[in-house]
Structure formats: structure tokens, C-alpha cells
Amino acid sequence: MSLKFRFALLQTSLLFLILLGVNFFIYYLFIENNSRNETQSIERKAAKLLLQENIIQHPEYWENPFLLKDFLVANELIRLIGPDSTVQKEIYTDETLLQRPAKYIPSTAPTSKLVSTDNGFCLYVQTPVIEDERQIATLEIARKLVILNDNVQVLFLALFYTTLGALVLSIIFGYIYSTLVFNPIHRLAQTMESIQKSGTFKRLEVKSSRSKDEIAQLGHTFNEMIGRLEQHFDQQKQFLADASHELRTPLTIIESYARLLQRWASNDPQLREEAIEAILSESVRLRELTKSLLTIADSDERQRVDWKEFEMRPLLQATAASIQLTFDREVKLQLPDNGSKMKMIGDPEKIKQLLIILLDNAVKYSQKPIQIHAQDEVRSIRIAVIDEGIGIDKEDIPRLFDRFYRVDKARSRKNGGVGLGLAIAESIVKLHAGTLTVQSEIGEGTQVEIKLPKG
């Protein structure tokens with residue numbers, strides 16, 4: 001059974017239950033209202049018989065029904081019931097009313113009973129007969145409610161056919177509506193199946209007229225998900241292509257010099273030394289490239305993150321001192337004057353790696369002192385690494401964080417860069433829910449600013 005048919009069936013079932021409840025209420029209200037009117041009419045007749053005509057003191061009324069012709073109408077019964085539930089007097093025009101046995105009911109006020117029989121509804125009203133302030137009998141007037149029975153049949157047929165018609169229309173329009181509602185879902189399933197079979201990314205067409213309903217939101221979410229998957233897939237393909245290219249170059253060089261050593265360099269010290277130096281240089285570069293690739297993979301998986309509270313001030317001081325000692329380059333560290341420890345929650349090792357990447361880039365492309373400015377804000381820590389080097393063209397800034405992208409490939413290769421440093425730096429910043437921005441001018445230098453939340 002399809003989902004849209006089940007939806008239409010569920011809608012019809014709920015409508016049926018609602019109509020059933022409404023019909024029962026209308027039926028009960030109709031019976032109650034009519035029986036109450038009939039009861040009041042019979043009670044007035046009983047009061048007139050007891051007070052004005054005084055049929056208790058005039059037994060001739062019972063012996064000559066003609067005398068009660070104004071009171072005894074068609075489909076009625078009038079009888080007097082004694083305290084022992086025996087019928088003392090009775091006259092009637094419909095024998096079906098005699099099917100209910102006589103019963104004496106002690107009471108100070110009239111009582112009524114609506115009885116449903118095979119021939120329809122019958123109403124029995126009993127009025128106490130009082131003499132010398134005590135009840136000596138019960139006057140019972142019964143009436144077969146012919147008009148009510150006819151009206152009930154008409155009402156039943158009207159409710160039945162109205163309900164039946166409403167259910168049929170509900171099934172038809174419910175199925176049509178569910179078809180319209182589930183068509184986008186059906187298209188979504190077809191699109192997903194097509195993507196699975198063809199391996200190509202496709203998007204749903206979302207109508208502008210449905211831009212605010214839940215189905216349209218589902219379509220927009222699906223398109224956004226497909227867009228992100230396509231983006232990641234393209235990045236993965238580019239990553240594999242770039243990684244293959246970057247790995248091929250050092251391996252080719254190593255293989256070439258190894259063959260050169262094997263054939264010609266055994267008796268040529270100068271050639272042998274050149275080959276060994278090239279092999280060593282490319283091996284180191286290959287090791288660094290492999291290390292960077294593993295770091296990228298580790299950052300993508302977001303694993304082995306040691307979250308803890310640490311102080312940024314000593315971390316900045318230690319990293320700046322290490323870079324200054326390693327590269328013999330002056331690093332000017334500017335920290336808040338208030339002596340704040342600049343505490344935050346994160347992975348101190350990854351934050352240190354982030355700082356080393358930024359400082360390493362600044363050292364490579366600048367011969368002047370490097371500056372580090374740190375600010376302790378209310379909810380975050382802001383760090384800027386500033387150099388006065390060659391700078392970066394504004395057109396290249398948006399692609400700085402792409403893997404293997406290098407602004408100057410010749411210079412990067414000479415300095416040992418593989419174009420993964422800033423990609424790793426960006427992944428570390430994102431892992432800490434921070435932001436990273438770059439501002440640069442050709443010939444004036446570069447400023448890289450990171451903002452890390454404390455919590």
C-alpha cells in the first residue's frame with residue numbers, strides 16, 4: 001500500500017470518527033428534544049384529567065371511551081395502576097402499548113420513560129394520584145411516537161447518505177491532495193535513486209509557490225546537502241590529484257638520482273655527492289609532505305583532540321621563543337598589559353601547531369622581524385601574526401586555504417613548502433569554532449588574524 005493511499009485512508013478514518021460522533025450527538029439531541037416536548041404534552045393532559053375531569057371519581061369515563069374522545073387520541077393508552085401494580089382501569093387505541101407491563105411507582109412528581117420497541121419509540125408518563133395527601137394510584141399515559149419514528153427514519157437516512165458521501169469525497173480529494181503533497185517526496189526518492197545509479201549529483205526543482213512549506217524546506221535542505229557533498233567530492237578528487245602530483249615529483253627525482261648513482265656515479269665523487277644531496281633533500285620533502293597529509297586526514301576526522309583548559313600567554317611566549325631560536329629571526333610579542341593569563345578551553349598542542357604554521361610562513365616570506373599581537377577579549381582571544389614581507393595578491397587570498405595551493409610555486413618548492421600549512425591551520429581554527437582572516441598588500445606584508453572563543 002502506497003504512502004499517499006495510507007495518508008488518504010487515515011484522513012478518511014479520522015473524518016469517519018468525527019462524523020460518527022457528530023451524528024450520534026445530532027441523533028441523541030433530536031430524540032431528546034422531541035421526547036421532552038411529548039412528555040410535557042402528556043403531563044398537561046394527565047393534570048387536566050385528574051383535576052378538571054376527575055376521572056378517579058367518575059368511573060363512567062372508563063366504561064364509555066367516547067366520553068374521553070377529546071383525550072384519548074390514536075396510538076395512545078390511558079390506565080390506572082393500583083399500589084399492587086394491578087391495572088384497575090384502562091382504555092387504549094393501540095395494543096402495542098400493552099406490551100410494557102404495568103408497574104406502580106411511588107412518586108410525588110410525574111416520571112417518564114422512553115422505550116424503543118420493534119415498532120418504534122413509545123413514551124410512558126406516570127403521574128401520581130393523590131388523595132388526602134397520600135398516593136392511592138398511578139395514572140399512566142402512553143403514546144406511540146409515530147411522527148418521531150418517521151422523522152427518525154428520515155434523519156437516519158439523511159445522516160447515513162451524508163456521511164457516506166462525505167467519506168467518498170474525502171477518499172477522492174484526500175488521495176488527490178496526498179498525491180500533490182507526496183509528489184516532491186517521490187521526486188526526491190527518484191533523484192536519490194538516479195544519483196545512486198549514475199554517480200552524478202542532481203538537485204531538486206523547488207517551486208517558488210511552495211517556498212515556505214515543509215516540503216519545500218525538505219527540498220532546499222536536500223539541495224544544500226547535495227551541494228556540500230558535491231563540493232566535498234570535488235575537493236577530494238582535487239586532493240587526490242594534487243597529492244598524486246606532489247608525491248610523484250620527489251619520487252621521480254629520487255628514482256632518477258638513484259639510477260644515476262647506479263650507472264655513472266660510482267667513480268665520480270662530485271656526481272655522487274650531488275645525487276646523495278638531492279636524494280636526501282627530496283626524502284626530507286617527501287617526509288614532510290606525508291606528515292602534512294596525515295595531519296590533514298587527522299584534522300578532517302576530528303579525532304584525538306585533547307580538550308582542556310590552558311593559558312594562552314605562556315604558550316605564545318614559548319612558541320615565539322622557539323621560532324626566534326630556530327630561525328634566528330626576531331619575533332616581537334605584544335601581550336595585554338594587565339597580566340591576564342588568557343585562559344581558554346581547547347587543544348594546546350593544536351593551537352601551538354597553528355601558531356608555528358603562521359610564524360613559519362611569516363619567516364619564509366619576510367626578512368624583517370615578525371610581530372605577534374594578542375588581545376584578551378570578554379569571550380574570545382584574538383591573535384594577529386604580522387610580517388613585512390613580499391605580501392600576497394588579493395586575487396590569491398581566497399585560495400590560500402586550498403590544499404596544495406601555492407602563490408609562488410618556485411619559491412615554495414625552494415623553501416620546502418607543499419601548500420598544506422594554511423589548510424591545516426584553517427582546520428584547527430574551525431575545530432575550535434574560531435575564525436581566520438588574511439589581509440595583505442603586495443610589497444607591504446601580510447597580517448593573519450585568528451579569533452578563538454574561550455569556551
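Modeller: In this predicted model, the side chain of glutamine 126 makes a polar contact, at 3.0 Å, with the side chain of glutamate 140. Glutamine 126 belongs to strand 4, which spans residues 120–131, and it counts as buried because its relative accessibility is 6%, where the cut-off for buried is under 20%.

Turning to the nonpolar packing, the largest nonpolar core has 38 residues, of which Met312, Leu316, Ile383, Leu436 and Ile450 touch the most other members. Several elements each supply at least two residues of this core, among them helix 6 (312–327), helix 7 (348–364) and strand 12 (445–453), and helix 7 gives the most, with eight residues. Another core, of 20 residues, lies apart from it and includes Leu50, Leu80, Ile91 and Ala137.

Helix 6 and helix 7 also meet directly, with residues including Met312, Leu316 and Phe327 in helix 6 facing a set in helix 7 that includes Ile351, Leu355 and Val363. The axes of the two helices come within 10 Å and cross at roughly 40°, which means that helix 6 is oblique to helix 7, and the crossing is right-handed.

Note on methods. Residues are numbered from 1 along each chain as its sequence is written. This is a predicted model: local features need pLDDT of at least 70, side-chain atom pairs count only at pLDDT 80 or more; totals for chains, interfaces and linings use all residues. Side-chain values use heavy atoms; hydrogens and water are left out. Helices (H or I, at least four residues) and strands (E, at least two) are DSSP runs, numbered from the N terminus. Buried means under 20% relative accessible area, exposed over 50%, partly exposed in between (1.4 Å probe, protein chains only). A polar contact is a pair of N or O atoms within 3.5 Å; within protein, one must be able to donate a hydrogen and the other to accept it, and residues adjacent in sequence count only if both atoms are side-chain atoms. A nonpolar core is a set of buried Ala, Val, Leu, Ile, Met, Phe, Trp, Tyr and Cys residues joined through side-chain atoms within 4.5 Å. Axes are lines fitted to C-alpha atoms, for helices over the stretch in contact, and angles run from 0 to 180 degrees between N-to-C directions. Angles under 35 degrees count as roughly parallel, over 145 as roughly antiparallel, 65 to 115 as roughly perpendicular and the rest as oblique. A crossing is left-handed if the near helix is turned anticlockwise from the far one by less than a right angle, and right-handed if clockwise. Contact means heavy atoms within 4.5 Å.
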